[in-house]
Amino acid sequence: SNNKGLFHLSAIGFLDAATRTASLTFIPFVLMDKSAETREIFVFLIVLLAGGATGKYICGSLNDRYGFTNLVWCTKGATALLLFTAMFTPLIAMAPVLFILGFGLNRTSSTLYSSVAVFSTSDSRSRIYGYYYTVTESAGIAPFIYGWLADLAGLRFTIYVMSLATLLILPISLLMRQPLKSADQNKVA
């Protein structure tokens, strides 16, 4: 049903936003752990953000071409993998890792936002978007939760948990196939 689809989409949006905000918070600490200097961290963050901007620009039409689930699996699968491998990557090789990570971190949100419209009619659109944005914006708590976890269990463990939380998006996205298909059929009918 549309309600189930919207619920699953919102869960994906929450996890996606949580990963994005927490990654932007914790990547500098990962770099510091690799003995990066302040100016190097600044450059690496620019590379990460450039990857995100490139993802927004290049992937604008990929959702239509490859479909919601395929795109989510590629971007979030890559994000989870790169978060995990960032802990083992030497500083000299972090630029390409962060560029692709930025691509994955920022790309999925556009696909999710565009999918919200599928679950709304013109008279319910503002309410549905309001609900979706409220759920996803509440993910702003993630850096605090991950910070608490880092204090308890360390940075490396926290990044691993963040990577696993990102992987949760993949099975939830499979639950979106039928609601998206049904919503599209209802729009056509």
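Arginine 20 and aspartate 16 both belong to helix 1, where four residues, about one turn of the helix, separate them. In this predicted model, their side chains meet in a salt bridge, with 3.0 Å from N to O. Side chains of opposite charge can pair when their charged atoms come close. Arginine 20 is buried, because its relative accessible area of 15% falls under the 20% that marks the limit for buried residues, and aspartate 16 also counts as buried, at 2% relative accessibility.

What surrounds lysine 76, once its neighbours within four places in sequence are left aside? Lysine 76 is in contact with Asp16, Gly104, Leu105, Thr108, Thr166, Ile169 and Leu170.

The count of salt bridges comes to three, and one of them is formed by glutamate 37 and arginine 39, whose closest N and O atoms are 3.2 Å apart. Glutamate 37 counts as partly exposed, at 41% relative accessibility, whereas arginine 39 is exposed, with a relative accessible area of 61%. Salt bridges that share partners, by contrast, join Asp16, Arg20 and Lys76 into one network.

Helix 1, which spans residues 2-33, also holds serine 10. Serine 10 counts as buried, at 2% relative accessibility, and, leaving aside its neighbours within four places in sequence, is in contact with Tyr131, Tyr132 and Val135.

Turning to the aromatic rings, the structure holds six aromatic pairs. One of them brings together phenylalanine 84 and tyrosine 160, whose ring centres are 5.0 Å apart and whose planes stand at 40 degrees, so the pair is tilted. This pair links distant parts of the chain, with phenylalanine 84 in helix 4 and tyrosine 160 in helix 8 (residues 155-167), 76 residues apart. Phenylalanine 84 is partly exposed, with a relative accessible area of 36%. Ring pairs link Phe84, Phe88 and Tyr160 into a cluster, and the charged end of arginine 156 sits over the ring of phenylalanine 88, 5.4 Å from its centre.

Isoleucine 145 lies in helix 7, which runs over residues 142-153, and is partly exposed, with a relative accessible area of 47%.

Definitions and conventions:
Residues are numbered from 1 along each chain as its sequence is written. This is a predicted model: local features need pLDDT of at least 70, side-chain atom pairs count only at pLDDT 80 or more; totals for chains, interfaces and linings use all residues. Side-chain values use heavy atoms; hydrogens and water are left out. Helices (H or I, at least four residues) and strands (E, at least two) are DSSP runs, numbered from the N terminus. Buried means under 20% relative accessible area, exposed over 50%, partly exposed in between (1.4 Å probe, protein chains only). Contact means heavy atoms within 4.5 Å. Rings of Phe, Tyr and Trp (its six-membered ring) pair if their centres lie within 6.5 Å; planes under 30 degrees apart count as stacked, over 60 as edge-to-face and the rest as tilted. A charge sits over a ring if NZ of Lys or CZ of Arg is within 6 Å of the ring centre and within 35 degrees of the ring normal. A salt bridge is a side-chain nitrogen of Lys or Arg within 4 Å of a carboxyl oxygen of Asp or Glu.
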